[in-house]
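Here is a short briefing for a reader meeting this protein for the opening time.

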Amino acid sequence: MSPPPPHVPQTFSSDSTSLSSSSPSSLPPSSSSSSPLNRLESIKSHIMGSPSPAAVFTAAAIAAAPEDPLFGLMAAYRQDPSPNKIDLGIGAYRDDNAKPWILPVVKKADTAIHNDPAVNHEYLPIAGLGAYTSAAQKLVLGADSPAIREKRVCTLQSISGTGAVHLGGLFLAKFHPQRPQPQIYLSNPTWANHHQIFSNVGLSIAQYPYFSPQTKGLDLDGMLAALRAAPRGSIILLHACAHNPTGVDPTPEQWQQIAAVMREQGHFPFFDTAYQGFASGDLARDAWAIRYFVEQGFELCIAQSFAKNLGLYGERAGAFHFVSAPGADAVESSQHVASQLAILQRSEISNPPAYGARIASLILNDSQLFAEWEADLRTMSGRIQEMRAGLRARLEERGTPGAWNHITEQIGMFSFTGLTEPQVKVLRDQWHIYMTKNGRISMAGLNTHNLDYFAEAVDSVVRETA
Ligand SMILES: Cc1ncc(COP(=O)(O)O)c(C=O)c1O
């Protein structure tokens with residue numbers, strides 16, 4: 001292809017009616033151009049410049065994307081003037097006054113960073129802050145993890161959990177050697193962004209049953225049957241704890257059954273852990289499933305977020321870990337994977353953001369601060385557990401039709417209440433209570449000031465529509 005002609009500046013001669021150019025070919029000497037009208041047009045076009053090239057990305061060509069349901073919900077909540085309004089959509093912790101909570105330990109770490117004269121604004125390495133990534137590894141896998149000891153874990157700092165899910169998806173889409181390329185199986189339902197992220201990187205998506213509408217608990221039989229039926233070597237996305245959106249987690253015995261089927265079928269586990277410590281208040285308990293799979297010798301990957309458990313939502317502190325299978329070439333495999341991940345990272349974000357990682361690193365690497373963090377985690381998870389117990393008790397006291405045991409049996413930020421879409425609409429229109437259409441509520445939006453009102457509202461809509 002020949003390069004475009006260089007731009008040729010055109011100038012008026014001293015006689016302003018005649019146009020001259022440094023290039024004699026810029027005005028075709030056609031006879032028609034000498035008519036007064038055409039001469040006028042051509043003078044106009046030389047003054048104004050040539051007409052703009054036709055637009056490609058027109059409104060007709062690019063359909064408007066549907067609004068993100070959660071952001072639409074948040075906007076509607078903000079505009080609602082009712083003093084009784086309750087936001088149960090947002091996936092972020094709120095204190096008993098419905099306000100964001102900066103963890104006291106995070107405030108401390110923040111002050112220490114501000115006062116540290118050695119801190120600057122240089123780039124972090126491509127793989128991230130070393131002290132942070134190694135501490136993040138130990139946090140999720142356990143300090144005594146065989147995988148860490150055998151040097152078969154590679155970790156890259158990521159743009160929070162979303163970035164880690166994306167980096168993992170991109171790596172699998174680009175480097176999974178199996179042909180045809182395996183599908184990634186997501187729980188039905190799952191965090192909505194999983195669908196977008198994995199399809200954006202070109203992975204084909206399938207689903208496995210997860211939630212039983214009858215019991216409002218785990219559909220273990222459906223899940224195991226789907227894992228057995230999935231082609232060998234499928235990628236299975238698993239929520240390590242505090243499943244979003246259902247709040248339903250397998251028990252350790254159920255995890256063992258899931259692992260056994262996955263081993264039989266040669267499936268590849270992809271763990272998403274966005275709530276470690278936030279679910280039960282116990283960091284080791286919330287990482288149990290991942291550590292069990294590693295102990296069982298699985299090759300796997302993990303997307304880790306510090307948004308919820310450190311309250312660092314906007315600082316985007318996360319990590320992506322790849323654990324190679326144990327074996328003679330485990331270290332070399334891990335090094336190769338790390339080298340390819342570094343190239344993907346370089347082309348996507350170059351260098352991860354420093355601030356959140358510095359805060360997390362300080363807390364994770366200092367035993368005193370770590371202990372304070374564990375106390376903060378118990379504060380958050382404890383308040384949420386109290387709200388669960390309080391809601392269930394109020395509904396049962398009122399005799400609200402239906403069973404409400406699932407409210408306390410589910411865990412973490414979210415509860416799948418079983419409220420239907422029409423009920424959700426009545427709650428919003430008549431009671432100013434905002435939640436996603438699928439009946440998911442963020443438990444963190446409940447507090448001692450609005451719990452009675454919420455229970456009264458639920459009781460009312462359930463009776464009206466029963
Ligand atoms: C299951 C799950 N994975 C990942 C994330 C990622 O969150 P972030 O990117 O804020 O860390 C979330 C957040 O809601 C989540 O619920």
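Helices and strands are runs assigned by DSSP, at least four residues long for a helix and at least two for a strand, and they are numbered from the N terminus. On that basis, K151 sits in the loop between helix 5 (146-149) and strand 4. The model is predicted. It holds 17 helices and 15 strands.

**Confidence and overall build**

- The average pLDDT of the protein is 91, and 90% of the residues score at least 70.
- Residues 1-33 have a pLDDT below 50; this stretch makes 25 contacts in the model beyond near neighbours in sequence.
- Where pLDDT is low, predicted coordinates should not be read in detail.
- The protein has 466 residues, and 40% of them count as buried.
- Take the contacts between residues at least 6 apart in sequence: 74% of these join residues at least 24 apart.

**Around the ligand**

- The ligand has 14 residues around it, and S160, G161, T162, N244 and S305 come nearest.
- Helix 6 (residues 160-175) gives the largest share of this shell, with four residues.
- By type, the shell has five nonpolar residues, eight polar and one charged.

**V165 in helix 6**

- V165 lies in helix 6.
- V165 is buried because 27 other C-beta atoms lie within 10 Å.
- Leaving aside neighbours within four places in sequence, V165 is in contact with H194, I197, D272 and A303.
- N193 is 28 residues from V165 in sequence; C-alpha to C-alpha, the two are 9.6 Å apart.

**Helix 14**

- Helix 14 covers residues 367-398, which makes 32 residues.
- From its first C-alpha to its last, helix 14 reaches 46 Å, close to the 46 Å expected at 1.5 Å a residue.
- Its buried residues include W373, D376, L377 and R383.
- The buried residues of helix 14 pack against helix 3 (104-114), helix 13 (355-364), helix 15 (405-409) and helix 17 (451-465).
- G399 follows helix 14 and has a positive phi, near 70°.

**Helix 13**

- Helix 13 is mostly covered, with nine of its 10 residues buried.
- Among the buried residues are G356, R358, S361 and L364.
- The cover over these buried residues includes helix 3, helix 4 (130-141), strand 4, strand 12 and helix 14.

**Strands 4 and 12**

- In strand 4 (residues 153-159), seven of seven residues are buried.
- Strand 4 runs antiparallel to strand 12 (residues 317-323), and seven bridges join them.
- Within this pair, T155 stands opposite H321 of strand 12.

**Strands 9 and 10**

- Strand 9 (residues 235-239) pairs with strand 10 in the parallel sense, over five bridges.
- L237 stands opposite F270 in strand 10.
- Strand 10 (residues 268-273) is mostly covered: five of its six residues are buried.

**L227 in helix 8**

- L227 belongs to helix 8 (residues 220-229).
- L227 counts as buried because it has 20 C-beta neighbours inside 10 Å, and 20 or more is the cut-off for that class.
- Beyond neighbours within four places in sequence, its contacts are Y208, I236, I258, V261, M262, Q265 and H267.
- Y185 is 42 residues from L227 along the chain, and their C-alpha atoms are separated by 8.7 Å.

**Backbone exceptions**

- Most residues other than glycine have a negative phi, and most peptide bonds are trans.
- R179 and P180 are joined by a cis peptide bond, with omega about -5°.
- P180 is in the loop between helix 6 and strand 5 (184-188).
- Another cis bond runs from N188 to P189, with omega near 5°.
- P189 is in the loop between strand 5 and helix 7 (192-200).
- A98 is not a glycine, and its phi is positive, near 60°.
- The loop that holds A98 lies between strand 3 (86-87) and helix 3.
- A98 counts as partly exposed because it has 16 C-beta neighbours inside 10 Å.
- K151, also not a glycine, has a positive phi of about 55°.
- K151 counts as exposed because it has 12 C-beta neighbours inside 10 Å.

Terms used. Residues numbered from 1 in each chain as written. Predicted model: local features only at pLDDT ≥ 70, side-chain atom pairs only at ≥ 80, totals over all residues. pLDDT = per-residue confidence, 0-100. Contact = placed C-beta atoms within 7 Å. Near = placed C-beta within 6 Å. Nonpolar A, V, L, I, M, F, W, Y, C, P; charged D, E, K, R; others polar. Expected span 1.5 Å × (residues − 1). Pairing = 2+ DSSP bridges.
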